[in-house]
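Here is a short briefing for a reader new to this structure.

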Amino acid sequence: MVVGMLSISNIALGYGDKPVLQLTGLELPKGGQCLITGASGSGKTTLLYAIAGLISVMSGKMMVGGADIGKLSEAERDHFRGQHIGMIFQTLHLVKSLTVLDNLLLASYLAGVPPQHQRASEVLKKLDIHDKRDELPERLSQGQAQRVAIARAVLHRPALILADEPTSSLDDSACETVINLIKEVAQDTGAALVISTHDSRVKSHFGNVINLGDGR
Amino acid sequence: MNTLKLSVANLRFRALASFFNVLILALGIAAIVTLLHLSRQIEQRFTRDLQGIDLVVGAKGSPIQLILSSVFHLDIPNGNIPLAEAEKLEANPLIQSAIPIALGDNYNGFRIVGTTHDYIDHYGGKLAEGRLYEVQMEAVLGSEVVRKNQLKLNDKIIGAHGLANSDDLHTDFPYTIVGILQPTGTVLDRLVLTPVESVWHVHEHPDADDPEEVAYKKAHPEKEITSLLISYKTPMAAVVLPRLVDKTSSMQAASPAFETARLLKILGIGSDAIELFAGMLVAIAASGFFVTLWSAVNDRRYDIALMRSLGATRGKIFALVLAEGLTLGALGTALGLLLGHGFACLAQSWIERTRHMALGAVGFHPYEIYVVLIALAISAVAAILPGMMAYRVNVAKVLSKGS
């Protein structure tokens, strides 16, 4: 039996006692890619946060990389997330006080892994922003900041990359570039990829699309 | 990347607020450190100058003034005492030694003291050059007097009337320098020492132009000295002698230990006020730390949520805020110590320039370690509440809001 990267069965997710999303099932193999779509408020972001262990599963079972995420303590989830999951947000948000390189090394530090200068340089070169390594985020263009956020997410060669609405504020050309870039770095590192979006332009890039409207 | 580097980067990003927080703490610490050093040096100086003197006998008046003028050479004397009365007291069997002090003139602000060789021996004075004085108008100089005035053996110096620098020179009565003392770290270093007879000789003929001096000389034809520095032979003397002097003579007896303690207490009121002010500065700095860190955490809620999403535990986030507080505290404390030592050196140099007192070098004060620990503890306490706020950031909620 092949162990999947993500295995969800009959979960309920929400904040406090109020369920926001119920999902009967979702399976994603290692290196697999899927797109989660749905209208605003459908629970796409909630699902991504639950996979990342940022919120608890109310009921049901969610296995991430072989670990039952619902049974881990908060500190264990933090540690697991830092080591195995890379996250990309709609608001790219880099730490303003740190240079591009330090933003990447911060991810190593927070995840509790040794600093990866060599790997950081490789990733920055791959994403064509190595010359910006000593710049503060405020001096980057939107596209450059987007690349830094992607670089940060893949620095540790995570087993799973989660991207929340990565293209919602981009024009068509940038949207195409970013999606291709994320898919490409995921393939390069062998990471599974889950993207949540309500952006219809992204659908054509994925064969595996889950509409949360069907699962609720 | 580590917690310290991240803290410093965050503080640098808010450079102006960080700078003022550090500066306020530094000023508070500097004031405390300066006070610590100066009070220690003054106390040490007083202790050295007081050594072995159990009682000072002089003219009636303020006992503190008597001690300040006769022991520390800082104030003007209350007046003079008749030599005959002083000699009668010297013969008391309860007295181990009695050193006469005769004041009246100065040389460039350094006091000319008529006394015996016992005075030099009392403070452990040793000759660097020359010999001790033998006859009137010979002088032995303390090391500071020589250094400040570039003097050498056999030079002639002219005293000026009074105990502060003045133009009323005794040009007809030059002193010959016959000896120069090694530094002792005591009051001896800044005195011109001569036989008591020299002081009598210079003032034997009052200035005819000064009616006050003429009248005084007429009223006091007998020989006088300023005071006697007395060492007791037995502890019983402490009970008997002061009362004996005060009740049976025209003189007063003052206990240097008691009067100095009283003086330091009076000075202490001033230093307490400065300490209070310094404490307020430290408290303001702590409040500043709190406000800065609180608003920084508030502004950086998304940063914090993001760091949690990158794998940081709540404990790590709390430690980061605490480290920022401690970094501010450490910078403020380090700057405060530097400024404190600088201020103490400046104050020391100013006091020495006034020729009232030569103080020792500003070294490390043992209490500085407590100042450092307290400052760091205050910084850590000021960071605890912002740290708790950071600890409790709801990651999913903040990330969902997107800013």
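Chain B averages a pLDDT of 85, and 93% of its residues score at least 70. Here pLDDT is the predictor's confidence in each residue, from 0 to 100. For the complex, the predictor gives an ipTM of 0.83 and a pTM of 0.69.

This is a predicted model: local features need pLDDT of at least 70, side-chain atom pairs count only at pLDDT 80 or more, and totals for chains, interfaces and linings use all residues. Residues are numbered from 1 along each chain as its sequence is written, while chains are lettered from A and ligands numbered from 1 in the order in which they are written.

**The parallel sheet of chain A**

- Five strands of chain A form an open sheet in the order β6-β7-β8-β3-β9, with parallel pairing.
- The edge strands are β6 (85-88) and β9 (209-211) of chain A, and each pairs on one side only.
- From one strand to the next, the twist averages 15 degrees.
- Helices (H or I, at least four residues) and strands (E, at least two) are DSSP runs, numbered from the N terminus.
- Two strands pair if DSSP finds at least two bridges between them.
- Strand β3 (residues 33-37) of chain A pairs with β9(A) in the parallel sense over three bridges.
- T37(A) has N211(A) in β9(A) as its bridge partner.
- Helix α5 (residues 142-154) of chain A lies across β6 and β7 (160-164) of chain A, and runs at about 165 degrees to β6(A).
- Axes are lines fitted to C-alpha atoms, for helices over the stretch in contact; angles run from 0 to 180 degrees between N-to-C directions.

**The antiparallel sheet of chain A**

- Another open sheet in chain A has four strands in the order β2-β1-β4-β5, with antiparallel pairing.
- β2 and β5 (67-68) of chain A stand at the edges with a single partner strand each, so one side of each is left without a neighbour in the sheet.
- Nine bridges link strand β1 (residues 6-15) of chain A to strand β2 (residues 18-28) of chain A, in the antiparallel sense.
- Y15(A) has K18(A) in β2(A) as its bridge partner.
- β1(A) and β2(A) form a hairpin with two residues between them. In the turn, G16(A) has a positive phi of about 70 degrees.
- β1(A) also runs antiparallel to strand β4 (residues 57-64) of chain A, and six bridges join the two.
- One bridge partner in β4(A) is V57(A), which pairs with L13(A).

**Helix packing in chain A**

- The axes of α5(A) and helix α6 (residues 172-189) of chain A come within 11 Å and cross at roughly 20 degrees.
- That makes α5(A) roughly parallel to α6(A). Angles under 35 degrees count as roughly parallel, over 145 as roughly antiparallel, 65 to 115 as roughly perpendicular and the rest as oblique.
- The α5(A) and α6(A) crossing is right-handed. A crossing is left-handed if the near helix is turned anticlockwise from the far one by less than a right angle, and right-handed if clockwise.
- G143(A), Q146(A), I150(A) and V154(A) of α5(A) meet A174(A), V178(A), L181(A), I182(A), V185(A) and T189(A) of α6(A).
- Residues are in contact if their C-beta atoms, placed from the backbone, lie within 7 Å.
- The contact of α5(A) with α6(A) has seven nonpolar, three polar and no charged residues.
- Ala, Val, Leu, Ile, Met, Phe, Trp, Tyr, Cys and Pro count as nonpolar, Asp, Glu, Lys and Arg as charged, and the others, Gly among them, as polar.
- α3(A) and α5(A) pack at about 30 degrees, with their axes 9 Å apart. They are therefore roughly parallel to each other.

**A helix pair in chain B**

- Helix α2 (residues 15-50) and helix α13 (residues 368-391) of chain B have axes that come within 11 Å and cross at roughly 155 degrees.
- That makes α2(B) roughly antiparallel to α13(B).
- The contact is made by L25(B), I29(B), I32(B) and V33(B) of α2(B) with E368(B), V371(B) and A375(B) of α13(B).

**Where the chains meet**

- Chain A gives 30 residues to the contact and chain B gives 24 residues.
- On the chain A side, the largest share, eight residues, comes from α3(A).
- That side has 16 nonpolar, 10 polar and four charged residues.

How values were computed
Two residues are in contact if their C-beta atoms, placed from the backbone, lie within 7 Å.
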